[in-house]
Amino acid sequence: MSDLDLASPAATTPSERRVALLALAWQAALPIALVVLLLGFAAVDSAVLTPGNLVNIMQQASYLALFAMAQTVVILTRGFDLALGPTVSMVSVGAALAMAVGVADGQEPGTVLLMGLAAGFALGAACGVFNGVVIAYLGVSPFVATLGSYNIAIGVATTISSGRPVQGVPDLFSWLLYGGNLFGVPAAIVITVIVGVALHLVLTRTVYGRALYIIGTNPRAATVAGLPVKRLLVATYVLCSTLAALGALMMTARTGSGEPNLGGSLSLQAIAAAVVGGTSLAGGRGGVGTAVVGALFVTILSNGMNLTRIDGYVQMVVLGAIVIAGVVLDRLRLERRG
Amino acid sequence: MNAHASSLTARPGIAASYGRSLLGSIGFLPALLIAVVIGMSAVDPQFYGPINIINILRNTALLTIVACGQALVIIGGGFDLSVGAVVALASVVTAKTMGLIAASFPGNDALVITGGLAAGLGSGAAVGLINGLCVARLKVSGFVVTLGTMSATAGVALMITSGIPVYGMPQSFVRDFGRVQFFGLPTAIYVALIVLAVMVFVQRRTLFGRYVYAIGGNTDAAIVSGVGIRRHLVGTYVLSGVLAALTGILLTAQVGSGQASFGGDRMMLQSIAAAVIGGVSLRGGVGRVEIVAISALFLTILGNALNLLHIDSRLQPVFLGVIMVAAVALDELGRRRKQRV
């Protein structure tokens, strides 16, 4: 990460300082592009910059940011999770079913809420354990392993829900994860900020977090250095799926029902957001910051295009081009830095 | 990464190691395939009915063509997520072009069909060219580039059609090409066999094919040996785009209309699954298209069998997922055991 480069005492000669400044400029390029984008859309339609729409953008982005963070932790280790979208669907349906059972049993609202949360996180963690064990212990590539669990999770989600939305999500659940607010800030934003800060601390300040960067940068060195790479990988996939489960529960609270195709194309969207933000698929580079910036960028872009009434099909083309432009810029940034 | 494989083949006892590597490259896939075929034939006579067999073969043919291109890209060390979208784009472009030419030159079917085919294949080649240039020139990972072009290509296909099927192709294209049968088999099967034969030849006997293995196996070594990396990488992506477009055209001819809903994520994921189960290593440098074709057949028969067994269509993905992971995991474990020997 470049803030480390800047902080390093080696950057003292003029040329090194110039490189560091350049790196900083690249780092700031995307946030600046974000502001320009917002102002550009605002020039076309003033509704873009209203406080209501800004909160709306933040709220929309908070889900994608969570999923992008989930992808980022595994991308750091040179993996990715194609099963994230289906995991979201499965967790949504599973949690809704558990709560429906609780309600039918006549349980207390608090107990029902706990049942829903427990079922959701358990399903998410189970997905993570499956992915992690298959990848770390069976040596299957992340692509195939998560493509496998992609199919499995879709099958489970549609089977347990019979392919229909699961009704009966209690109000308390919806209030806690969607309707409520803290000092006027919607719950989704509050949760994402808390999780983001916590994850940032884990990635930058803990042995576990630093180990992820080592595994991604040089897996062999990580093994030689005595890191328990396999166990760390399993833990990371569990972390990824658990974050996805949290996002799924939040989205379920928003829709008020368990949806068997809630995840849709989220897997690739989340990878795209992370990559646009500057997370490197080669591993070892990225973090909470890149995930959040990427998610904000993608959300603002699609929000702005919606408000300026750009055709949905054209939006797909634009998003595709942005993804490619994002990695090309990232590549150039890397080459500049040498 | 492929140091293990090369040190293995460099050992003495060439005949023995050849036998082992043959077993390793084919694996247990044919055995599994035969088991499924025998089992299904015993359980349900419908399975070996001519209609079902033709159905299986046609679907296998379509998947094989896409998977051949995908396999080549993966052998070169890349990924092509855009193939599903290219199938859709080529279908739409072919149908639209044929409709346009037919409107200006009514009755001139030869011109209409040639123009449509050229446009369709051209659209696939164009997407492949963009993929290849981004990967080779800008050195961006194939996964992300094709993720981007996948979205963009699907968007363009939908823009062209607004999501509505495109009609107006000449009758002769649909009747005499798409739905005609030679010796009881649909055209798609012959096309797939030709593609497969050409691909086997390309992989084994041409410099391009050998260089793709070299690049995927060890890029640095290939560069040092003087292989023009860029050209060959671009070539793999263009070929993959063209083959995906060919599948789109075959689907269009069979159905009789151009549709932006053809292909999609499902076709893309299946093509990668077929390649990987067929022994193509995602690390690059390893894999043979004829085994990929067997694996495409296996995947198609598996889906067909699950249907015939009346297994809930919602549960079917679970089986596919488990079998896919199991196949690759067994393969990986087998390779590790061999390394220990």
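Visitor: What share of the 341 residues of chain B count as buried?

Guide: This is a predicted model, and in it 50% of the 341 residues of chain B count as buried. For chain A, which has 338 residues, the share is 53%.

Visitor: Why is G209(B) called buried?

Guide: The word buried is kept for residues under 20% relative accessible area. G209(B) has a relative accessibility of 1%, so it counts as buried. This glycine is found in helix 10 of chain B, which covers residues 207-217.

Visitor: Which residues is G209(B) in contact with, leaving aside its neighbours within four places in sequence?

Guide: With those neighbours set aside, G209(B) is in contact with V202(B) and Q203(B), where contact means that heavy atoms come within 4.5 Å. As for I75(B), it is 134 residues from G209(B) in sequence, while the C-alpha atoms of the two are 9.8 Å apart in space.

Visitor: What makes F183(B) exposed?

Guide: A residue is called exposed when its relative accessible area is over 50%. F183(B) reaches 82%, and therefore it counts as exposed. Its place is the loop between strand 1 (181-182) and strand 2 (185-186) of chain B, and its phi is near 50°, which is a positive value in a residue other than glycine.

Visitor: How do you know whether R309(A) is buried or exposed?

Guide: The relative accessible area of R309(A) is 70%, and the cut-off for exposed is over 50%, so this residue is exposed. R309(A) lies in the loop between helix 13 (288-307) and helix 14 (312-337) of chain A.

Visitor: How many helices and strands are there in chain A, and why is this chain called as compact as a globular protein of its length?

Guide: Chain A contains 14 helices and two strands.

Visitor: What makes chain B as compact as a globular protein of its length?

Guide: Chain B has 15 helices and two strands. For its 341 residues the globule rule gives 20 Å, and the radius of gyration of chain B, 21 Å, is close to that, so the description holds for this chain as well. Along the principal axes, the C-alpha atoms of chain B fill a box of roughly 70 × 55 × 35 Å.

Visitor: How do you know that chain A and chain B are in contact?

Guide: Contact requires heavy atoms within 4.5 Å, and 42 residues of chain A are in contact with 41 residues of chain B. Between them the two chains bury about 3,300 Å², and 80% of this is on carbon and sulfur atoms. On the side of chain A, F143(A), L268(A) and Y313(A) lose the most area to chain B, together 17% of what that side buries.

Key: Residues are numbered from 1 along each chain as its sequence is written. Chains are lettered from A and ligands numbered from 1 in the order in which they are written. This is a predicted model: local features need pLDDT of at least 70, side-chain atom pairs count only at pLDDT 80 or more; totals for chains, interfaces and linings use all residues. Side-chain values use heavy atoms; hydrogens and water are left out. Helices (H or I, at least four residues) and strands (E, at least two) are DSSP runs, numbered from the N terminus. Buried means under 20% relative accessible area, exposed over 50%, partly exposed in between (1.4 Å probe, protein chains only). Buried area is the accessible area (1.4 Å probe) that two parts lose on being put together, summed over both. The radius of gyration is taken over C-alpha atoms; the globule rule is 2.2 Å times the number of residues to the power 0.38.
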